[in-house]
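This briefing looks at aromatic rings and at what lies around them. A pair of aromatic rings is described by the distance of the centres and the angle of the planes.

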Amino acid sequence: MVRLTPYVEIDGETITVIVPRAEMGQGVQTTLAALVAEEMDLDWGSFSVAHGAPSRSYANGALLVAGLPFAAYRETRLTRWAAGAMRVTGRLMGMQITGGSTSTRDAYLRMRRAGAAARAMLVAAAARRLGQPPETLRTQDGAVVAPDGTRLPYAALAAAAAKQRPPRRPRLKPSRDWRLLGRALPRPDMADKVHGRTRYAGDIRAEGMLFATVRMCPHFGGTLRGVDAGPALAIPGVVKVVEIGAGVGVIARDTWTAMRAARALAPDWGPASGPADTDAAFGAIAAAFDRRPTVTLGRRGDVEAALGAEKPIEAEYRVPYLAHATMEPMTATALYGDGRLTLWAGTQAPLLARERAARAVGLKPRDVTLHVTPMGGGFGRRAEFDFSDQAARLARAVPGRPVCLAWSRAEDMSHDFYRPAMIARLRGQAGASGPAALSLDIAGPSVLAEQARRVVGYVPPGPDKMLLEGAFDQPYAIADFRARGYRADIGIPVGSWRSVGYSHNTFFLESFLDEIAAAAGLDPVEMRLNLMRGESARAAKVLERAAEIAGWGTPPPPGHARGVAFCWSFGAPTAQVVEICRTEAGIRLERLCCAMDVGRALDPGIVEAQIVSGALFGLSAAIYGEITLAGGAVEQANFDSSRELRLGQLPAIETCILQSGGKPAGVGEPATPPAAPALANALFALTGERHRRLPLHHAVRFA
Amino acid sequence: MQITVNGTRHRVDADPAMPLLWVLRDVLGLTGTKYGCGTGLCGACTVHVAGRAVAACQLPVGKVSAEVTTIEGLAAGPVQDAWIAHQVAQCGYCQPGHVMAAAALLARTDSPTDAEIDAAMAGHICRCGTGPRIRAAIHHAARQLREG
Ligand code: FES
Ligand code: FES
C-alpha cells in the first residue's frame, strides 16, 4: 500500500480516498471524497472511500471558528485573526470532530489541496518515466495521459509518485472545469444501505461474540450503591453482570436476554444531584435571571432608555429539553485482550473516543484500535463517549470475547445529553418600521460549558456564544439592542443537538419579531426585509426567494395561513415559510418552502436532502418533542410517549438553493432553527393565538 | 425449533419467546433487520412473513410458522432500484424497514395512492427526514412495476 497524502492511498489497483469525517447520514463522505477526486481526475465510482484511522492531522478547524462570539455575516479582520488563533488551539487539542456543520467548510480547501498534491506527484512520476516535461501531461479518469495518447494508470505510477515531494501549494482546478463538484452524485454508501448491508457499530459479528446492554442510574448525577446480580444470573444465557460507574451492564449470549436480565435487576441507586421534576428544572432556570448575566452580546444603542420611553411589548417563551432519538440507539462493539482494545463505534469524535476508552480500561491510546463505523443518526449525540467507554469496560470483563453493546430505546431516551430547556424574556418597542428597540434575556444550561468540561476538562475562557447564538447575531438593523445570557447549571446533562443554540434562540427571536410586526400592523416579511436590507443583501435575497415560492404576496386559500422565519447559522442564511390549514382532524402541515444560500453547493442533491431533513427535524421537535422529569427520572421511554411526525403528516416541501459564491456553508443544521417559529407564526396567523411554549401539541391538535 | 429464512431452513436453539428480530440478528447473524424500539412503534425491524410486512420485534420466534424474508433475502428489484434512483437513504438505519414495507405494499398493488402509502408507512419512523423521497421512490417503483 502506498500513501500519497494523508488522504490518498493506492493499493495495487485500488485507489482509496480517506475521508476523516464520520458518516451520520449527511452525505459528508460523498462530498469530501468528491473534493479529492475532482482534483485528481478520478472517475466517480472508480475508487473506494474509507474513514481512516483517528489522527491529529485531520483536526477540524472550522468547528472552533464557529464557536467564536461574532456574527457570522460580519467578518472583520479581528474575527479572522481570532479564527486563525482558534484553529491552532483546535489542532493542539486534536479535535477530529464531525459536527457544527463544519465538515465541508473545513475540508473545502484541505481536501482539494490533498487531491491536487497527489495528482502533481503522479504527474511528476509519469514525467520521469516518459522523459517528458510535466506541463505537457494531462490527467483523465485515473491516468496520466501523454500528448501522444499514452496512458499511465495511477496504480502503475503509485510507487514512484510516493517518492516525489508533495508540492506545498498545488494549483487547484478553477471551478469552471469541475466535473464532479456542483453535481448531484450518487452516494457510494447508498446501495449498501438500501440492501441492508451497511454495518453499524451494533452489527459487527464475530466468532464467540457476546451481547450486552446497560442500565444506568435513572437519576441524573446519581450513583450505584450496589446490585444483587442474582435475578439476572438466574436467566439462562446470562454470562456476567458488571458494575460500570453509575450503572450496571449485563453480558449474555444474545441482546434480548441481556435486556431482559437488565430489567430483572433491582439496583440500589445512590443519591442524585439532578432536579426532582420538570417544574424544579424550570424553576432553577428562571432563578438564573436574578443573577448577573453570564454573557452580553450584540449591544447597540441604549436599550433600557429606549424601552423605558413607552410601555414595551413583553413576552416570556419556553422550550423543553429534547432528546436526539437517533434511529439507532447507542451501540458499540469491543474486544479486549493481551493489553489491547479493539473498538467499533459510530463516533463523531474518534480521537477523543479512543483516548477516553483507553483511559476507561487503563490502556494507552496507542493500544486501542478504533474502527469508526457508519452511524444510525448522530445529530450531536454521537459526539459523546459514554457508550464507547461502556463497551470497552464490558469487554474487559470478558477478555478474548467480542462484546456487542446495544442500548434499549428506553435507555437511549433517558440517558441522553439533551438539548437544554430554556426560558427567554423578551422586551421590544415597536416603531413605524418594526422593532425600534429589542432586549432578549435568555436563561438555561450552557452546552459550551458542560461539553467543554466533559471533553477537555475545563471551560474555555471567553464569552459563551452558544447561549446566545441566533439571538444576537442576526442581520437585523435594530437601533437599540442587547442580548443577555444567564447560565443555569441544572444537573441534567446537555449536549449538542442539531443547530445547538440556534435551535431555541431562533424560536424566541423570530416569534417575537412576529409579535412586534402584529403589534405595529406590519407584514412580517416586509418588516424583516426592511431590517435586513442595509445589513446583508444575501439575507434579504434569501427571504425574498422563500416568500416568492410560498406565494406570500397572494392571500392563502380559506382555512389556510402562512408563517415565516429566518435564521443565519453555520454560514447559511435560511428562510422558511410554513403553510398550514384547518381540517376536521386538526391542523395540517400543508407546505414548507425553504430558501438557503449555501455559498456554493458542492452537491445539490445532498444539500436538498439536508434542507428537507433539517426542516422536518425542527418541525417534529416543535410539535411533539419534549423530555420531562418525574421522580428525578425521565418520563419518556419510547416512541409512544415521545412522538415523531409520520409520513402522512409531512408537508410538501419546496427548496430553493442559492449560491452567492465563496466557500460552501454547512448544510446539516441551518434548516432546523426556522421551522419552529415559522410554524408558530403560521398558527398565529390562522388562529390569532400566540404560542410561546413548545411542544405545540399540548395546545394545538395536529392532523 | 426450525424456521425458514430467505429460503434456508435453520435449526434454532433459542427460547421460543425470543422475538424473531433477535434470532435474526444475534443467532443467525442477519443484521440488516434493525432494532429501533422493540415495541412495534418504529418499523425498523420489518420483515416479511408469508409475504406480509411484520414487526420482527413483536413476533416470538416460536410463533413463526411461515417463511421469513429479510432485507438480505428480498429479491433485488424495482423497489431497491427506485430507492437508489432517488438517493433516499441518509443514515440508512430505518431504510431496510421502509424498503420491506414498500415491497409488501407493492406486492399487493402496483398503483398505490398517497393514502395507501401513508397507511403502509404509518408504523415507520425516519429521524433523518427521508419521508418525501420515500414517497417519490414508492411511486417510481410502482410505475416500473406497471410498465413491466
Ligand atoms: S424495533 Fe420493531 S417496531 Fe421498532
Ligand atoms: S435514514 Fe436515518 S433514520 Fe431514516
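Both A:F379 and A:F617 are buried. They belong to a predicted model, and a search of the whole structure gives twelve aromatic pairs over all chains.

**The pair A:F379 and A:F617**
- The ring centres of A:F379 and A:F617 are 4.6 Å apart and the planes meet at 45 degrees, so this pair is tilted.
- A:F379 is in the loop between β17 (368-372) and α12 (386-397) of chain A, while A:F617 is in helix α19 (residues 604-624) of chain A, so the pair ties together parts that are 238 residues apart in sequence.

**The pair B:W22 and B:Y35**
- For B:W22 and B:Y35, the ring centres lie 5.2 Å apart with the planes at 40 degrees, so this pair is tilted.
- Helix α1 (residues 20-27) of chain B holds B:W22, and the loop between α1 and β3 (46-49) of chain B holds B:Y35, so the pair ties together parts that are 13 residues apart in sequence.
- B:W22 has a relative accessible area of 6% and is buried, because buried means under 20%.
- B:Y35 also counts as buried, at 7% relative accessibility.

**An aromatic cluster**
- One aromatic cluster is formed by A:Y317, A:F507 and A:F508.

**Charges over rings**
- A:R112 has its charged end over the ring of A:Y108, 4.0 Å from the ring centre.
- A:R690 has its charged end over the ring of A:F684, 4.0 Å from the ring centre.

How values were computed:
Residues numbered from 1 in each chain as written. Chains lettered and ligands numbered in written order. Predicted model: local features only at pLDDT ≥ 70, side-chain atom pairs only at ≥ 80, totals over all residues. Heavy atoms only, no water. Phe/Tyr/Trp six-rings, centres within 6.5 Å; stacked < 30°, edge-to-face > 60°. Helix = DSSP H or I, 4+ residues; strand = E, 2+ residues; numbered from the N terminus. Buried < 20%, exposed > 50% of the residue type's maximum accessible area, 1.4 Å probe, protein only. Lys NZ or Arg CZ within 6 Å of the ring centre and 35° of its normal.
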